[in-house]
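Please give a guided tour of this structure for someone who has it open in a viewer. At each stop, say what to select next and what is there.

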Amino acid sequence: MKVVLISVDSLRYDASRILWPYFNIVFTQHYVSNNWTLPVVARMLTGQMDTGLNYYKKMWSENIYQKLKNKLKQPTVAKYLKDKGWITFGNTEGVFVKSSFGFGKPKEWTLWVQNNKGDGSKLREPLFTDNKNEFRFYHEYYLHNYLRDIKDMKVGTKLIPGTKGAGIKVYSWPLPKEKGLLEWEACYWRRAANLYNFLGWVPKSKAIVILTADHGESFYEYYDNISHAGAHMTEEIAHVPLLIHWPEKGMRRIDQFTRDIDITPTILDIAGIKAKLDGRSLLPMIKGNKKVNGTTMTDKYIHRNDELWEYYFSPTQKAIRLVKKI
Ligand SMILES: [Zn+2]
């Protein structure tokens, strides 16, 4: 058996619609639990609410680096599978989502390293090892990097306090807000549409292919936010795609409420591995079980201006119900 999990950074739910024809199972109410990559990927890959990286105290603090050095508190899906003899490979390129998450290097590693610039190269069809159970995880920044397409964008570096010279990229552009926003959005949607060209291999793949995202992207729909990190947990940020290519299960549109922590239990269930996790397997829904089995969830995040906010997910509302400053 082969399973591929693709996480397209910044792919909001509505931008994923162009990819629906490639997948036979579409979850229409899939939500992530935070507004930036690290906490969501940690939850996605462990199936646990508390990964030790549910970070909301202060963005980019040294605390995060310290925690990452010690790796995750919980085993990732890769560890469970590896223990059962699966080959597990993964690749991402951000500062955070690296070997701490327990993946080895795939055959295509050299190719990836050559092209490891968020150019969509990790969205190519994987080269599998024959006759082995194999799991792949790709976190691809191609869409996130639409920022690079913006004319006159200036990229600076801001040093992260408490680290030995580690920095994050800071983007700014000189256009007035309205014109800049149009340009910003156009670059995003051009790249989102281009995902269709990268993923044409999916419908023919013999692997089960799961596509999701770590968060969406906002363009001033609510409040005064652009981008995602530090944005509010609105539909544009928290509602992301969950699409599965698994032809033998037939065509399905599933409108039950699902979350990032459900991904790992689902993959383990597909592999026949039992584990006690906070998330639940979505396999019963894929098999046609209509029973709603949701749970509510509250969590916190920090806004750009350092305010602490709280949000509340409701399975009956199938949406974020409340976002409040605390
Ligand atoms: Zn991200």
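Helices (H or I, at least four residues) and strands (E, at least two) are DSSP runs, numbered from the N terminus. This is a predicted model, in which local features need pLDDT of at least 70 and side-chain atom pairs count only at pLDDT 80 or more, while totals for chains, interfaces and linings use all residues. Residues are numbered from 1 along each chain as its sequence is written.

Now extend the selection to strand E3 (87-91) and E4. E3 and E4 pair in the parallel sense over five bridges; two strands count as paired if DSSP finds at least two bridges between them. Four of the five residues of E3 are buried. A residue is buried if 20 or more other C-beta atoms lie within 10 Å of its own, exposed if 12 or fewer, and partly exposed in between, with C-beta atoms placed from the backbone.

To find one of them, select Leu5 and its bridge partner in E4, Phe137.

Show the whole sheet. It is open and has seven strands in the order E3-E4-E1-E7-E10-E2-E11, with mixed pairing. E3 and strand E11 (252-259) stand at the edges with a single partner strand each, so one side of each has no neighbour in the sheet. On average, neighbouring strands of this sheet are turned by 15° against each other, direction ignored. Axes here are lines fitted to C-alpha atoms, for helices over the stretch in contact, and angles run from 0 to 180 degrees between N-to-C directions.

H7 lies across E1 and strand E7 (208-212), and runs at about 165° to E1.

Go on to helix H1 (residues 37-46). Here 10 of the 10 residues are buried, so H1 is largely enclosed by the rest of the structure. Among them are Pro39, Arg43 and Met44.

Finally, zoom out to the protein. It has eight helices and 14 strands, and buried residues make up 40% of its 326 residues. Of the contacts with a separation of 6 or more, 65% are between residues 24 or more positions apart; two residues are in contact if their C-beta atoms, placed from the backbone, lie within 7 Å.
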